[in-house]
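User: I would like to learn how to read a structural model, one feature at a time. Please give the general idea where there is one, then the case at hand.

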Amino acid sequence: MKRRTAEPYRIKAVEPLTILTYEERMEALKRAGYNTFLIDSEDVYIDLLTDSGTSAMSDKQWAAIMMGDEAYAGSRSWKRLEQAVRDVYGFRYIIPTHQGRGAENILSQLKIQDGDYVPGNMYFTTTRAHQELNGAAFVDVIIDEAHDSCSEYPFKGNIDILKLHNLIDEVGSERIPYLCLAVTVNLAGGQPVSMENMREVYRICRNYGIEVMFDATRCVENAYFIKEREEGYSTKSIAAILKEMFSYSDGCTMSGKKDCLVNIGGFLAMNDEELYTRARELVVVYEGMPSYGGMAGRDMEAMAQGIYEAIDDHYIEHRIHQVRYLGDQLIETGIPIVRPIGGHAVFLDARAFLPHLKQEDFPAQALAAALYLDAGVRSMERGIVSAGRNKVTGKHNQPKLELVRLTIPRRVYTNNHMDVVADSILSLYQKKDQICGFQMVYEPPTLRFFNARFSPLSASGELMGGEGHTVSVN
Ligand SMILES: *Cc1c(COP(=O)(O)O)cnc(C)c1O
């Protein structure tokens, strides 16, 4: 018999959720122009828009908030955060920032010269933006499997060693200030990097004098995948695996809003004293004093505590298994999702889900809207709308993947919430023919997915082909 497990916490404070009727959700959806980004949080039952800054804090974190030392300089809370990062990640020097992109800004400014190249395992939006703003070209050196939604390869975040060698041969190591290694790879669906790959990449880069900087935002999730999948690690603790991971890097940027279990914050860390001295000068310009960097003392207390809680083996096991709990239910009922299931989200393949729609009819947008209408579950389009238009031709970019992202916040929902989501998706799948496509009626010039508005293409003007169907969620 397979023994079931439960959330490794009990609930001490609750936040009641609003549960609207089908008609009220329809109204909310129309007000939002059928774009889930524009729905008010108050009108959402289960919010799977993002796992960024949406974690639930523990009683110890809330208690730590009261201990915040708000001194302008030399804050006790800063000392505590600095010590936590040293203990858990092993770096000597830490620069606090308001969130991950603050750290990316400082790192990019300090290391990149005009005309440089920064290789990485698939880009992340803000990371690449800062590299490019400072004159570098981002070069994707991730393995090909990462771009194949059907590949079951266990470490789809790995660097392709041959691609890395080719880049070094082509542009010369002196044009590569550092390699940026994301653990895990957000845009590949939360796919991990193996320890073996980290070790090899670090060895090669050292030989050429190229530094390795981790995007450590989801490093605890990556450590869990190593424990689970890589030979020799099954009996090691997450803390020990993390320490080894970071031993193959020269520094990292971190968004505390993910694996540090807080709602805001971040840091830049490194071992090089000279880089640290320069970073201390720059952080004052963009973030704040080197002893708070854009965070309040109480934020730093909560983050220090969150850093320790995140490496609890039971916490991270449940985190990864909850995402999988949702994904496996969908797989069992034949619903098309991206595989293997990653660390933070389940991705529905909207093209396979709604084969009667053309990509220009925005199938992922339509499916995200239908999921909200059906059960009050908010997800996010990651397809043709997010991909924007080609700057030269003015046509829609047509990405290979047309996905709906269901992102699971940390420690926020129970597996019963996951059941509600799975039931709703299954019920939509059974009447998928009724879900119609969209036309875009308002298109913002940049980052259109945030503010675009749509209307259904059906004869009745209704999203679900006109047939009202109430799924009970209460
Ligand atoms: C969220 C995220 C960032 C940026 O961090 P912010 O705190 O949102 O600025 C960078 N890299 C990855 C992989 C992320 O998921």
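Analyst: Start with the surface. This is a predicted model, and its chain exposes about 20300 Å², with carbon and sulfur atoms supplying 50% of that area.

User: How many helices and strands does the chain have?

Analyst: There are 17 helices and 14 strands in the chain.

User: What radius of gyration does the chain have, and what would a compact globule have?

Analyst: A compact globule of 474 residues would have a radius of gyration near 23 Å; the chain has 22 Å, which agrees. The C-alpha trace spans about 65 × 55 × 50 Å along its principal axes. As for burial, 57% of the 474 residues count as buried. Among contacts with a separation of 6 or more, 72% come from residues 24 or more positions apart.

User: Where do the charges sit?

Analyst: The chain carries 51 positive and 64 negative side chains, and the centres of these two sets lie 1 Å apart.

User: Which domains does the assignment give?

Analyst: Domain 1 is made of 22-51 + 313-456, and domain 2 is 59-310. Their C-alpha centres are 28 Å apart. Domain 1 puts 22 residues into the contact and domain 2 puts in 28 residues.

User: Now a single residue. Is T126 buried or exposed?

Analyst: The cut-off for buried is under 20% relative accessible area. T126 has 16%, so T126 is buried. T126 belongs to helix α5, residues 125-133. Leaving out residues up to four places away in sequence, T126 touches R101 and E104.

User: What should I look for in the backbone?

Analyst: Most residues other than glycine have a negative phi, and most peptide bonds are trans. The cases to look for are those that depart from this pattern.

User: Which residues does a cis peptide bond join?

Analyst: T184 is in the loop between β5 (178-182) and α7. Another cis bond joins R339 and P340, where omega is also about -10°. P340 sits in the loop between α12 and β9 (345-349).

User: Which residue has a positive phi of about 70° although it is not a glycine?

Analyst: That residue is M122. M122 lies in the loop between β3 (117-120) and α5, and with a relative accessible area of 12% M122 is buried.

User: What is the phi of L447, and where does L447 lie?

Analyst: L447 is not a glycine, yet its phi is positive, about 40°. L447 lies in the loop between β13 (438-442) and α17 (448-451). Its relative accessible area is 57%, so L447 is exposed.

Note on methods. Residues numbered from 1 in each chain as written. Predicted model: local features only at pLDDT ≥ 70, side-chain atom pairs only at ≥ 80, totals over all residues. Heavy atoms only, no water. Helix = DSSP H or I, 4+ residues; strand = E, 2+ residues; numbered from the N terminus. Rg over C-alpha atoms; globule rule 2.2 N^0.38 Å. Buried < 20%, exposed > 50% of the residue type's maximum accessible area, 1.4 Å probe, protein only. Contact = heavy atoms within 4.5 Å. Areas by Shrake-Rupley, 256 points an atom, 1.4 Å probe, with all protein chains shown as cover. Lys, Arg positive; Asp, Glu negative; His and termini not counted. Charge placed at Lys NZ, Arg CZ, Asp CG, Glu CD. Domains from an automatic or database assignment.
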